[in-house]
Amino acid sequence: MTQLRTVQVLGGGSAGSSAHVRSLASGLVARGVRVTVCAPAELDHAYDFRGAGAHFVPVPRLGGPATLAMLRNAFIGADVVHAHGLHASVRATLVLAGGVRAPALVTTWHTRGHADGARGGLVRLLERRSVRAAAVVLGTSSELVDRARRRGARDARLAPVSVPASRAPVCLHDGKARAELGAVDRPLLMAVGALVPERGYGMLLDAARVWRDLDPQPLLVIAGEGRERAALQRRIEEEGLAVRLIGRRDDVAELLAAADVAVLTSRWESRSLLAQEALRLGVPLVATAVGGVPELVGDAAELVPWGDAEALATAVRGLLEDVDRRMDLAAAGRVQARTWPTEDETIAHVLSVYDELVGC
């Protein structure tokens, strides 16, 4: 039997899509598939695609003729090109257009873009073009599958992605981690994600202002980096909020395990890494009821409307004041996490799609 050859393409590379490609590369290589990953060089430093057994081709984030030529060369001899995200899908579509013996194109939508006006129209146009070029579109949530179908996808399927749990040992309510963060004698709230408007940190700071009257006042820690850091830090200082911005961290699972409550305030999510990690660890979660979050967490989290800081503050306060409810959510979270596909099941599903397309 001829060895199956695949090329995995990442554009900007969110944490979720990058971790998925790393897991996918490792699992496919173990199953005898030849894998090439095309992505920005810094993603290989962070996710070690080479260490997973894949051939790695560094591709700049910015497009252009040279970038497309690099991808065209990488696609030579491939049976399947698998693009992750809109950016990567558009590039792959441009490269494969008009190819006489082009490989099958699979696209995974991990998230969706948010744009208004002319830019929103451009995003919709690119979505339509990319999904119509794909043999199969995989959506990580039902909402994304429906969106792809509305854009004209020939074959759109639900493909929930379960990113592997942290393999490092973690200890719930670890005293050392809490001491490092400054929460020895006070509740600890944890949020994780890039410091960008879509994460809803303005709403989160509004809620932090509401719960300042709690005694002891909870400490909110936000792990992540981004263009809103200066504005958020300025507001924290001006309003005297008990909030710490600690930048990017490699030990998020350990810090999250130390928290009393995890908080997710994004405008939109599909398969949130924070939500997955929190439920697996048994850390109570308060999250915005957006995108694929309700589908992901079921009844194992407190859900609040996007943009409603009062509802968020009330939900967090309620959990901090009700230890039984926190214990119930912790148990429910672990049960819900067991309903998600395993890493092996995720890889097997993707491989079955490849086999279907190439006739294996």
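1. Helices (H or I, at least four residues) and strands (E, at least two) are DSSP runs, numbered from the N terminus. The model is predicted: local features need pLDDT of at least 70 and side-chain atom pairs count only at pLDDT 80 or more, whereas totals for chains, interfaces and linings use all residues. Residues are numbered from 1 along each chain as its sequence is written, and side-chain values use heavy atoms, with hydrogens and water left out.

2. Arg157 belongs to strand E7 (residues 156-158). Its side chain forms a polar contact of 2.7 Å with the side chain of Asp155, and the side chain of Glu356 is also joined to that of Arg157 by a polar contact (2.7 Å). A polar contact is a pair of N or O atoms within 3.5 Å; within protein, one must be able to donate a hydrogen and the other to accept it, and residues adjacent in sequence count only if both atoms are side-chain atoms. Apart from neighbours within four places in sequence, the residues in contact (heavy atoms within 4.5 Å) with Arg157 include Val136, Leu138, Val353 and Glu356.

3. Six strands form an open sheet with parallel pairing, in the order E10-E9-E8-E11-E12-E13. Two strands pair if DSSP finds at least two bridges between them. Strand E10 (243-247) and strand E13 (302-304) are the edge strands, each pairing on one side only. Strand E8 (residues 188-192) runs parallel to strand E9 (residues 219-223), and five bridges join them. Within E9, Val221 is the bridge partner of Met190.

4. Helix H11 (residues 273-281) packs on this sheet and touches E8, strand E11 (261-264) and strand E12 (285-288). The direction of H11 makes about 160° with that of E11; axes are lines fitted to C-alpha atoms, for helices over the stretch in contact, and angles run from 0 to 180 degrees between N-to-C directions.

5. Which residues have the most contacts inside the largest nonpolar core? They are Leu188, Met190, Leu285 and Val297, in a core of 33 residues. A nonpolar core is a set of buried Ala, Val, Leu, Ile, Met, Phe, Trp, Tyr and Cys residues joined through side-chain atoms within 4.5 Å. H11 gives the largest share of this core, five residues.

6. Leu285 lies in strand E12. Leu285 counts as buried because its relative accessible area is 0%; buried means under 20%, exposed over 50% and partly exposed in between (1.4 Å probe, protein chains only). Beyond residues up to four places away in sequence, Leu285 touches Ala262, Leu279 and Val297, among others.
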